[in-house]
Amino acid sequence: PTDIKDELLKKYPPKVARKRAKQIMINEAVGADTSPEIVANVRTIPGIITMRGCTYAGCKGVIMGPTRDIVNIVHGPIGCSFYAWLTRRNQTDAGKDGENYIPYCFSTDMQDQDIIFGGEKKLEAAIIEAYELFHPKGICIFATCPVGLIGDDIHAVARKLSAQYEDCNIFAFSCEGYKGVSQSAGHHIANNQVFTHLVGENKKSPEGEYKINLLGEYNIGGDGFEIDRIFKKCGITNISTFSGNSTYDQFASAQHADLSCVMCHRSINYVADMLETKYGIPWIKVNFIGARSTAKSLRKIGEYFGDPKLIKRINDVIAEEMPEVEAVAEEVRTRTNGKTAMIFVGGSRAHHYQDLFAEMGMKTISAGYEFAHRDDYEGREVIPSLKVDSDSRNIEELTVEADEKLFKARKTPDEVKALEEAGFKFKHYEGLNKDMDNGSIIVDDLNQYEAEKLVEILKPDVFCAGIKEKFSIQKLGVPMKQLHSYDSGGPYAGFKGAVNFYKEIDRLVGSKVWSYMKAPWQKNPELTATFVWE
Ligand code: CFM
Ligand code: HCA
């Protein structure tokens, strides 16, 4: 593995190689007390073709994009709006009310003259137009790069119109693309504003038993639908998903839950903390990617509530769902066992999907995140030691206190202690490194050059990443599965999702088609344009 690292670094100028060396790690976390340090959440080195996206993408596209009944207006050039318009495969059920703005693309369509003379008037007109057309419960405004550069005060515009329209909650996000080093900054900006302007608004508690919030599940390819199906069957009430297929009222009621379940740690762990501090809602890490992981997460929820009725129901559901899943897994394993995968996606999924591959007998030999932070690699223990640099300082940390009226500890200190003594872990996430074999290659902010090199050297049976990597990897003759959009597939979460995934990967790694990728001139050098003296 050390040779591979050297090979990846060889081509770089010394200064770049020195920096990249700290972001490429040969894993040695297993069996060690602490995981070796990886450099993460820092600026991409100029000149490198990164896989990352911008802060606006994280705020508008990722966090707020999947909400269906909030009108999301992009203040900026039309390209930014087009980029975030239905490109993320977050699915929606318009529900009984039928309110669904996801198919729309709301933009102020900034022009040169707005950049020169200011765009606040245009933004105001856009909000008024949207309000008069739709009368939504909420309108959100997103800043793109030029907005920050010219200094339009989007918050002032939002405040003015929010006061004017009492039945509409209007607020804005300073999520200019350049604001942080990646999408991750945008998640934080989005979540802070949702927490400040929305959570806690609905005073009446929704009906139901065993109330939870599901944080960091975005319903890509219908994952959230499958998880909700399972919750329903178990009798668990999901008050609010942040933010797959979410509604204004769900966010506004989140403070009524008795437990927060964190799916994507990267994009939302701080919201779980804030819900705990302000309202007294404890949180646990869950993972519904992988059938066994799903069963484990459900049992954890059962253990938390501690009601025998719920625990029995959960066990019955698992017993009912698992045989079909196991049967498919066993069948595909005859072909997939021992095969290898690489996973490079934004955050959590590079960790979560290793469980699904393991269920198929497949090993993830190399993985990494585009923009996760050190805690997502090394575990939450490192959080107190994370360095605040000029880029992270740019992103506001909210100071939250217990709400005088609404704070309610969900468990007594004795109950918490009893659970912990029985091995139950609150706000615990061990990160990716501990789950990968020692010697496997972990790379932060992988770039195009390194992706191709790694594939050439390690020849995985499948490479998982996004649209930017898709075709260059396929051209190397290796099957490629998108784990952002799922290509056109999914859901892959929960029990039914696991079955879908097994079948899809079985088909991909069994296919010979990509190995026939050599172009005629690669096979027959006489067809190349290179002139050779006879
Ligand atoms: Fe969380 Fe996500 Fe991911 Fe993410 Fe994303 Fe995504 Fe992703 Mo693309 S919130 S970190 S910012 S699990 S959009 S649904 S697939 S990079 S690994
Ligand atoms: C984003 C969204 C993205 C991009 C996926 C990809 C997604 O980061 O803006 O590059 O294929 O999941 O849609 O992560």
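User: Which side chain has an N or O atom 2.7 Å from an oxygen atom of ligand 2?
Analyst: This is a predicted model, in which local features need pLDDT of at least 70, side-chain atom pairs count only at pLDDT 80 or more, and totals for chains, interfaces and linings use all residues. Residues are numbered from 1 along each chain as its sequence is written, chains are lettered from A and ligands numbered from 1 in the order in which they are written, and side-chain values use heavy atoms, without hydrogens and water. A polar contact is a pair of N or O atoms within 3.5 Å. At 2.7 Å from a ligand 2 oxygen, the side chain asked for is that of Q183.

User: How far is an oxygen atom of ligand 2 from an N or O atom in the side chain of K468?
Analyst: Ligand 2 also has an oxygen atom 2.7 Å from a polar backbone atom of I467. For the side chain of K468, the distance is 3.2 Å.

User: Is C234 buried or exposed?
Analyst: Buried means under 20% relative accessible area, exposed over 50%, and partly exposed in between (1.4 Å probe, protein chains only). With 2% relative accessibility, C234 is buried.

Notes: Polar contact = N/O pair within 3.5 Å; in protein donor to acceptor, adjacent residues only side chain to side chain.
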